[in-house]
Amino acid sequence: MARILDGKAVAARLRAGLAERVAGIGFRPGLVVVRVGEDPASGVYVRNKDRAAREAGFESRTLHLSEDTAEDALLREIAALNADPAVDGILVQLPLPGHIRAEAAIAAVDPAKDVDGFHPINAGRLASGLPGLVPCTPRGVMHLLREAGVKLRGARAIVLGRSQIVGRPMAQLLLGADCTVTMAHSRTDDLPAECRRADILVAAVGRPEMVRGGWIKPGATVVDVGINRLPDGRLVGDVAFTEAETMAAAITPVPGGVGPMTIACLLENTLEAALARRA
Ligand SMILES: Nc1nc2c(c(=O)[nH]1)N[C@@H](CN(C=O)c1ccc(C(=O)N[C@@H](CCC(=O)O)C(=O)O)cc1)CN2
């Protein structure tokens, strides 16, 4: 049976370490989370980010704008945050209401304050192997893999999903750690066979329990980024957990795996941004 990669515990340790560092720097890094509209899941995530930031000694606030906020009004708010010297990190919670282009909001954030790591400048730096702010979820996955002692150099990794916020940066980080990386997606031929070749499988497709036990190479490490709410209220990942845990050597649960790492890495990015702005 697979070892469980406990993201909740790793995230708690990471946050405690960050709190210690913040206590020693002589100022409180400032984070603003921008939420537009009333998406209920976003409400939970934004509250959790704000609470975690405050607990670690950050100056955190949420800018909650109404559902009917126009795109140009949102961009003006972001410009004001860019210009505010007390703000080190800005994050625009996704998804945004349909009338606002997420790419416009992301591109409006000052890359130096882009603690989501989504700005094209930061994405380009990551793709070029240059330092920059890295998206929180893939960064959290790398922490989990390293903490668990998973061998990365030379390992075959597969990333399922090619989103800008998880799949693509995830593949870049694995490549940077000397994995041999395959990016798979909805058009990949014979996905189960591709998966069975992988020593490390990262699922980020947003399809409940799509990855079956038979897709997993015996002894592989399985990282499940999916968070899917079923009609009966249960939360499941993109991996069929009970099947997969009999095949894998290590696996992240949902909940309690990658999700908590996303929030811890947001704090890590905010501290990095704050220190870089003062360097
Ligand atoms: N601007 C951003 N928007 C979104 C991001 C992001 O990184 N930046 N990621 C997701 C949502 N997300 C953070 O914002 C996030 C999702 C889930 C969790 C988490 O801790 N999940 C728990 C379960 C929570 C539940 O019960 O629903 C877990 O997995 O244990 C944290 C952050 C989309 N938007």
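Me: What makes strand β2 count as mostly covered?
Reply: The count of buried residues does. A residue is buried if 20 or more other C-beta atoms lie within 10 Å of its own, exposed if 12 or fewer, and partly exposed in between, with C-beta atoms placed from the backbone. In β2 (residues 30-36), seven of seven residues are buried. The model is predicted: local features need pLDDT of at least 70, side-chain atom pairs count only at pLDDT 80 or more, and totals for chains, interfaces and linings use all residues. Residues are numbered from 1 along each chain as its sequence is written.

Me: How do you know which faces of β2 are covered?
Reply: In a regular strand the side chains alternate between the two faces of the sheet. Gly30, Val32, Val34 and Val36 lie on one side of β2, and Leu31, Val33 and Arg35 on the other. These residues are all buried, so by the C-beta count both faces are covered.

Me: Why are β2 and β3 called paired?
Reply: Two strands pair if DSSP finds at least two bridges between them. Strands here are DSSP E runs of at least two residues, helices are H or I runs of at least four, and both are numbered from the N terminus. Seven bridges join β2 to β3 (residues 59-65), so the pair qualifies. The two strands run parallel. Gly30 has Glu59 as its bridge partner in β3.

Me: What handedness does the crossover from β2 to β3 have?
Reply: The chain goes from β2 through helix α2 (residues 40-55) to β3, and this β-α-β crossover is right-handed. The term means that, with the strands pointing away from the viewer, the path from the first strand over the helix to the second runs clockwise.

Me: Which way does β4 run against β2, and what makes them a pair?
Reply: Four bridges link β2 to β4 (residues 89-92), in the parallel sense. Val32 is bridged to Ile90 in β4.

Me: What joins β5 to β6?
Reply: Five bridges join β5 (residues 156-160) to β6 (residues 180-184), and the strands run parallel. Ala157 stands opposite Val181 in β6.

Me: How do you know that the length of α10 fits a helix?
Reply: The expected span is 1.5 Å times one less than the number of residues. For the 21 residues of α10 (residues 258-278) that gives 30 Å. The end C-alpha atoms are 30 Å apart, so the values agree.

Me: Why is α10 called largely enclosed?
Reply: 16 of its 21 residues are buried, so the rest of the structure largely encloses α10.

Me: Which residues surround the ligand?
Reply: The shell has 18 residues, and the closest are Tyr45, Leu94, Pro255, Gly259 and Thr262. A residue is near a molecule if its C-beta atom, placed from the backbone, lies within 6 Å of it. The elements giving two or more residues to the shell are α2, β4, α6 (136-147) and α10. The largest share, four residues, comes from α10.

Me: Is Cys136 buried or exposed, and what makes it so?
Reply: Cys136 is buried, because 28 other C-beta atoms lie within 10 Å. The residue is found in helix α6.

Me: Why does the chain agree with a compact globule?
Reply: The rule is 2.2 Å times the number of residues to the power 0.38, with the radius of gyration taken over C-alpha atoms. For 279 residues the rule gives a radius near 19 Å; the protein chain has 19 Å, so it agrees.
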